[in-house]
Amino acid sequence: MAVRRVVRNNGSTGADLSDGVRVVKPLQFDDQTPQTSGMRRWAAVSNALVGSEALWAGVMLAEPDTTSTVHHHGPLETVVYVLSGQGRVRWGKSLEHEAELEPGDFLFIPPYVPHQEINPPPSQPTQWVVVRSGREAIVVNLTKALDGKYVEDYEEHHHVQAG
């Protein structure tokens with residue numbers, strides 16, 4: 001027999017409910033997260049917002065006909081779930097791999113893998129739920145080297161890490 005425990009918090013949102021459980025409403029999402037051009041990310045679960053010790057989760061919105069800069073997420077593993085819209089992701093040292101994404105798809109990106117998100121439709125945004133294996137988001141924007149491979153820009157990497 002399943003036991004259901006109902007906890008009420010007198011209408012407040014984001015407050016401690018019980019045993020560290022937190023509810024985060026969309027208006028409480030944090031838009032002060034590392035970004036790449038062409039995409040907006042909002043944190044919903046992070047160490048700063050809820051005290052998470054090992055996860056970061058949020059939402060990514062890409063407007064129609066946008067492409068992110070090439071980047072990676074440092075030592076973090078990333079899982080994406082596509083909520084709406086059509087998207088594409090390229091990955092690899094020279095972005096030599098590509099996959100189409102549609103609602104219901106999951107995507108796994110290992111640590112340090114250069115990648116780029118693309119929302120090609122000219123009239124339809126795409127929205128993803130993103131979960132990472134760290135307390136806070138890390139975005140390291142990359143630049144294309146002469147050999148065609150994407151590499152970290154030393155100053156940008158240390159600025160993003162510190163920010």
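1. Which residues does Met60 touch, not counting residues up to four places away in sequence? In this predicted model, Met60 touches Met39, Arg40 and Arg41, and it also touches Thr126, Gln127, Trp128 and Val130.

2. Met60 is also among the residues with the most contacts inside the largest nonpolar core, which has 14 residues, and the others named with it are Val80, Leu101, Leu107, Trp128 and Val130. At least two residues of this core are supplied by each of strand E1 (39–45), strand E2 (56–62), strand E5 (78–84), strand E8 (106–109) and strand E10 (126–132). Of these, E2 gives the largest share, 3 residues.

3. Apart from this core lies another one, of 7 residues, which includes Val70, Leu76, Val140 and Tyr150.

4. Two residues deserve a look at their backbone angles. Most residues other than glycine have a negative phi. Asp65, although it is not a glycine, has a positive phi of about 55 degrees, and its place is in the loop between E2 and strand E3 (66–67). With a relative accessible area of 57%, Asp65 is exposed.

5. Leu95, which is likewise not a glycine, has a positive phi of about 55 degrees, and it is found in the loop between strand E6 (87–91) and strand E7 (97–101). Is Leu95 buried or exposed? Leu95 counts as buried, because its relative accessibility is 15% and the cut-off for buried is under 20%.

Terms used
Residues numbered from 1 in each chain as written. Predicted model: local features only at pLDDT ≥ 70, side-chain atom pairs only at ≥ 80, totals over all residues. Heavy atoms only, no water. Core = buried A, V, L, I, M, F, W, Y, C linked by side-chain atoms within 4.5 Å. Buried < 20%, exposed > 50% of the residue type's maximum accessible area, 1.4 Å probe, protein only. Helix = DSSP H or I, 4+ residues; strand = E, 2+ residues; numbered from the N terminus. Contact = heavy atoms within 4.5 Å.
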